[in-house]
Each structure stands twice: as C-alpha cells, then as structure tokens.
Amino acid sequence: MSAILIKNCAAMLTGARHAPRSPARDIRIRDGVILEMDELTPQADERVIDARDCVAYPAWVNTHHHLFQSLLKGEPQGLNQSLSAWLAATPYRFRGAFDEQTFRIAARIGLVELLRSGCGTVADHHYLYWPDMPFDGAAVLFEEADALGMRFVLCRGGATQTRGLESDLPTALRPEKFDAWMADVERLTAKYHQPGTQAFRQVVMAPTTTLHSTTPQELRESARLARSLGIRLHSHLSETVDYLDAARAKFGMTPLQFCAEQEWTGEDVWFAHLVKLLPEEIRLLGETGSGIAHCPQSNGRLGSGIADLVALEAAGVKVSIGVDGAASNEAADMQSETHAAWLLQRARKGMLAKPRYEGGEFVGGGDAATIEDVVRWGTAGGAQVLGLTGTGTLAPGQAADIALYRLDDPRYFGLHDIAIGPVACGGRAYLKALLVGGRVAVEEDRIPGLDLAALGRQAQEAVFTLQRRAGVRG
C-alpha cells in the first residue's frame with residue numbers, strides 16, 4: 001500500500017476522551033495505519049496531501065442505518081406520523097416493492113451520502129427479509145460498500161413474529177422461520193465476518209426488535225448462537241413509550257429487564273434509540289456495559305423524543321451515533337446527525353430547567369454536550385460499540401480512517417475556532433479527502449468513478465418504480 005503524508009492541517013480533533021485535540025499538523029501513514037503525528041518532513045516514497053486550511057477528524061462511524069430506505073425519503077403518507085403509524089405507512093407498505101435493482105440503488109445512495117459526509121464505517125440494520133427471497137440483500141450491501149472502500153457491518157435483521165402492523169397491508173410479507181434465519185446468520189458469518197479491531201467486514205445478530213420480532217426463547221437462542229460465533233448483538237429498543245406499554249402488557253416488566261432476562265445485555269450488545277428509559281434501566285445498561293446508537297434526527301422527525309446521552313454515559317453506557325433510515329431522516333449523513341446531537345442534548349437539558357422559586361438550579365443546557373463530546377460519540381464511541389477499536393481515533397497505531405474538511409464556505413467564515421466547524425456550523429463541508437484504511441475514498445469532494453448525476457436519475461426512476469408497485473402511481 002502506498003505511503004501518504006498529510007501536511008499542514010489547520011486543526012485536528014482526535015476523537016479521544018482525554019486528549020480530544022492534537023497539536024500536530026501532519027500525519028504519516030504506512031500500510032493503512034497512522035505511523036506518526038507531528039511536524040514531519042516528506043519522504044521520497046510518499047504521496048503528499050496538502051491539508052492547508054483543512055480540519056482533520058477521524059472518519060465517522062455510523063452505528064445504525066436502514067439503507068433500503070434511501071428511496072423512501074419524504075414519503076407523503078408517513079411524513080407527519082409518529083413511529084407506529086409511520087412504520088405502517090412507509091417502510092412496511094413499500095418493502096415488498098423492492099427487487100434487487102431498486103435495493104442496490106437505495107444502498108448505493110445511502111452509502112454515497114454517508115461517504116460524502118466523511119463517514120468510513122457503516123453498520124446497517126438490514127431487516128428486508130422474507131422466505132424465498134429472489135435476491136441476496138446482504139451480498140448487495142457488502143458489494144456496494146466494498147466498491148466505495150468503506151468498512152461495513154451487516155446487522156442481520158429479521159423476524160419470526162409480527163407486530164400486527166403488517167397484517168392488513170397488501171404488500172405484507174411473511175415472517176421467516178427461526179431455524180432458517182439462524183442458519184443464514186451462520187452462513188453470512190462464515191462468508192463475510194472478519195475478526196479483529198480493524199476489520200472491513202463484520203456480521204451482527206440483529207432481530208428487528210427484541211420485544212416484537214421473536215419469542216423469548218428464540219431471543220435467548222439467538223444471543224447464544226451469536227456469542228458462539230463470536231459476533232455482536234444489536235436491535236431497536238425503547239424508541240417510544242409503546243415499548244414500555246408492550247413490555248408491561250406482554251411480560252410484566254420493563255423493556256430492558258426483558259432483554260436482560262433473555263441474555264440481551266452486555267459489552268457485545270448495543271441498542272438503537274433508547275429514548276424512553278426508566279432510571280433503573282439506565283443503571284442496568286451501564287452496569288452491563290451495553291451501548292446505544294443515538295439517532296437524534298429520526299427521533300426528532302418522528303416526534304419520539306431525545307435520548308439522555310449525558311445520563312447514559314455517566315452510568316457507563318457506550319455512546320455512539322447512527323443516522324437511522326432515510327425514510328425517517330431525510331438528511332441521513334453524519335455531519336447532519338452530529339450537528340443535531342450537539343444541539344438536542346443541550347435543548348433536552350434546557351427543557352428541564354425550572355425557575356428558582358420552584359427549586360431550579362440552572363438556567364439552560366449549554367454545558368450538556370461539547371463539540372469534542374459529539375465527535376467522540378460519532379467516532380471512537382462508534383468504534384467501541386462495534387468492537388472496531390483499532391479505528392475511530394487519530395493516534396499512531398490506529399487505522400488511517402481520516403476525514404479532511406476544507407472550510408471555505410461562507411458558513412465557516414468568522415469562526416474563532418476552526419476545529420469545531422464541521423459539527424457546529426451544520427451543512428456538509430467540502431471534503432478535501434477521506435481515507436479509509438489509508439486508501440483515498442474521496443478526493444477533492446469527489447468519489448472516484450462515481451457519476452452523481454446518473455445516480456440521481458436512477459434514483460428518480462427507482463422511486464417511480466416503487467410507487468407503481470405499491471399502488472401509488474398508475
């Protein structure tokens with residue numbers, strides 16, 4: 001692999017907790033790994049990337065997505081609905097309309113959108129499965145991620161039970177048989193899963209939801225199989241108050257208690273959302289070392305609420321950030337997501353402020369989350385949740401997953417601290433370069449070999465196809 005020297009960075013945020021900023025301006029890369037960070041002299045065999053006026057971050061790590069939804073943005077029937085009604089109106093209504101070609105286009109759109117925001121690692125919670133499917137979605141996802149040079153984690157979703165939301169829909173699809181589902185997890189693990197903290201391909205056990213998608217016995221068996229295979233565990237949990245009601249009605253306990261009884265907590269487990277948690281559930285998550293994929297834009301778009309990351313991290317929960325599916329988040333990229341995370345943690349604390357005559361002790365939440373916190377959650381936090389701890393920070397010995405943002409748009413003019421620009425100012429910064437494992441995946445804001453205009457035309461045609469198949473268009 002070629003040697004690279006990144007020169008003249010204006011600032012670096014490392015993603016590390018105890019040293020979030022580096023005084024270094026140069027980064028030397030060998031064999032896909034950061035060799036040193038300092039003021040460095042170019043060597044004869046090195047390609048030099050001039051990062052003058054650029055900010056260096058670790059490449060983002062997105063820990064929760066649904067890539068197939070990239071063709072369902074702004075779908076009118078679900079646009080103003082909360083979670084349950086939105087599920088029936090949009091993803092469940094359209095899921096049977098996907099074939100291999102439309103699915104591939106959706107995956108490509110989602111991965112390109114992430115890549116152009118500086119994201120190098122994607123965990124996709126892929127639950128588009130039914131018996132006797134005519135295409136292998138997992139193979140498509142790995143192929144598309146590989147073509148773009150991204151690290152990809154397949155969270156193999158699925159269900160043997162349904163919520164009942166699908167039963168009245170004309171495109172309703174049958175659930176899988178448990179044995180067939182587990183056999184496919186074993187197949188995928190044997191074919192794709194790579195061990196190690198800098199792996200490019202991994203597989204995760206990921207029932208669509210722990211409360212609704214399987215029986216308690218199946219949930220326990222899935223956890224045991226995952227651990228015997230050496231893979232991690234992921235699912236949705238406590239996205240809305242419906243989870244609290246369902247867990248009490250079905251099992252007489254909280255959602256987290258139910259998961260713990262089925263062996264679905266621990267250092268190898270992370271859940272998406274965790275918006276509606278009781279204090280005892282936060283303690284249990286922390287005691288077991290479980291993790292969260294925080295999805296602030298989707299939670300806001302669906303009106304679900306704001307997860308309490310400050311309390312979760314203080315309790316010992318591993319915190320990461322995910323963009324969720326584009327059908328509930330029309331800006332499914334990591335710059336938009338981290339900007340939202342920064343603002344909404346502050347807003348959440350501010351909403352708790354009381355006047356002094358009622359015992360209030362603070363006025364607002366401006367101290368709830370710093371830019372450095374958000375960068376850590378979106379990089380090192382994600383790497384920790386996924387077990388890819390050889391990535392996610394800028395430090396010698398770590399994988400050279402590096403985003404270089406050139407802040408030359410008027411939105412960045414006047415910044416007193418250029419390092420915070422990619423998160424604080426919102427929008428998408430010009431990507432001077434994105435390296436993943438030392439390979440240049442984006443250069444001068446372009447993805448080599450990608451025709452964005454052609455992809456846009458394919459997307460439009462695919463949307464029309466899905467609408468026609470779902471009965472929306474004649």
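How many cavities of 30 Å³ or more does the structure hold?

Author: The structure holds 2 cavities of 30 Å³ or more. A cavity is a set of points on a 1 Å grid over the protein atoms alone where a 1.4 Å probe fits but cannot get out; its volume is the space filled by probe spheres set on points joined across faces, edges and corners. This is a predicted model, in which local features need pLDDT of at least 70 and side-chain atom pairs pLDDT 80 or more, while totals for chains, interfaces and linings use all residues. Residues are numbered from 1 along each chain as its sequence is written, and side-chain values use heavy atoms, without hydrogens or water.

Take the second largest cavity. Its volume is about 130 Å³. Helices (H or I, at least four residues) and strands (E, at least two) are DSSP runs numbered from the N terminus. By type, the lining of the second largest cavity has 7 nonpolar, 6 polar and 3 charged residues. Asp, Glu, Lys and Arg count as charged; Ala, Val, Leu, Ile, Met, Phe, Trp, Tyr, Cys and Pro as nonpolar; the others, Gly among them, as polar.

Ser 238 sits in the loop between β12 (232-237) and α7 (241-251). Its phi is near 50°, a positive value in a residue other than glycine. With 0% relative accessibility, Ser 238 counts as buried (under 20% relative accessible area with a 1.4 Å probe, protein chains only; exposed is over 50%, partly exposed in between). Glu 444 also has a positive phi, about 50°, and is not a glycine. This residue belongs to the loop between β18 (439-443) and α15 (452-469). Glu 444 is partly exposed, at 32% relative accessible area.

Now the largest pocket. A pocket is an open set of points with protein on both sides within 12 Å along at least five of seven lines. The volume of the largest pocket is about 240 Å³. Of its 15 lining residues, Trp 130, Asp 132, Met 133, Arg 156 and Glu 176 are the closest to the centre. Helix α5 supplies the largest share, 4 residues. The lining divides into 7 nonpolar, 1 polar and 7 charged residues.

The structure holds 35 of them. In one, Asp 184 pairs with Arg 156, and the closest N and O atoms are 3.0 Å apart. Asp 184 lies in helix α5 (residues 178-192) and Arg 156 in strand β10 (residues 151-156), so this pair ties together parts 28 residues apart in sequence. Asp 184 and Arg 156 are both buried. A network of salt bridges that share partners joins Arg 28, Arg 30, Glu 36, Asp 45 and Glu 46.

Other pairs span other ranges. Arg 104 and Glu 100 meet in a salt bridge, 3.4 Å from N to O. They are 4 residues apart in helix α3, about one helical turn. Arg 104 is buried, at 16% relative accessible area, whereas Glu 100 is partly exposed, at 38%. Glu 313 bridges to Arg 17, with the closest N and O atoms 3.3 Å apart. That pair links distant parts of the chain: Glu 313 is in helix α11 (residues 309-314), Arg 17 in the loop between β2 (11-13) and β3 (21-22), 296 residues away. Arg 17 is partly exposed, at 49% relative accessible area.

Tyr 57 and Trp 60 have ring centres 5.8 Å apart and planes at 85°, so they are edge-to-face. Both are buried. Ring pairs link Tyr 57, Trp 60 and Tyr 405 into a cluster. Phe 103 and Phe 135 have centres 5.6 Å apart and planes at 45°, so this pair is tilted. Phe 103 and Phe 135 are buried as well.

Technical notes: On a 1 Å grid over the protein atoms alone, a cavity is a set of points where a 1.4 Å probe fits but cannot get out, and a pocket is an open set with protein on both sides within 12 Å along at least five of seven lines; lining residues have an atom within 4 Å of a point. Rings of Phe, Tyr and Trp (its six-membered ring) pair if their centres lie within 6.5 Å; planes under 30 degrees apart count as stacked, over 60 as edge-to-face and the rest as tilted. A salt bridge is a side-chain nitrogen of Lys or Arg within 4 Å of a carboxyl oxygen of Asp or Glu.
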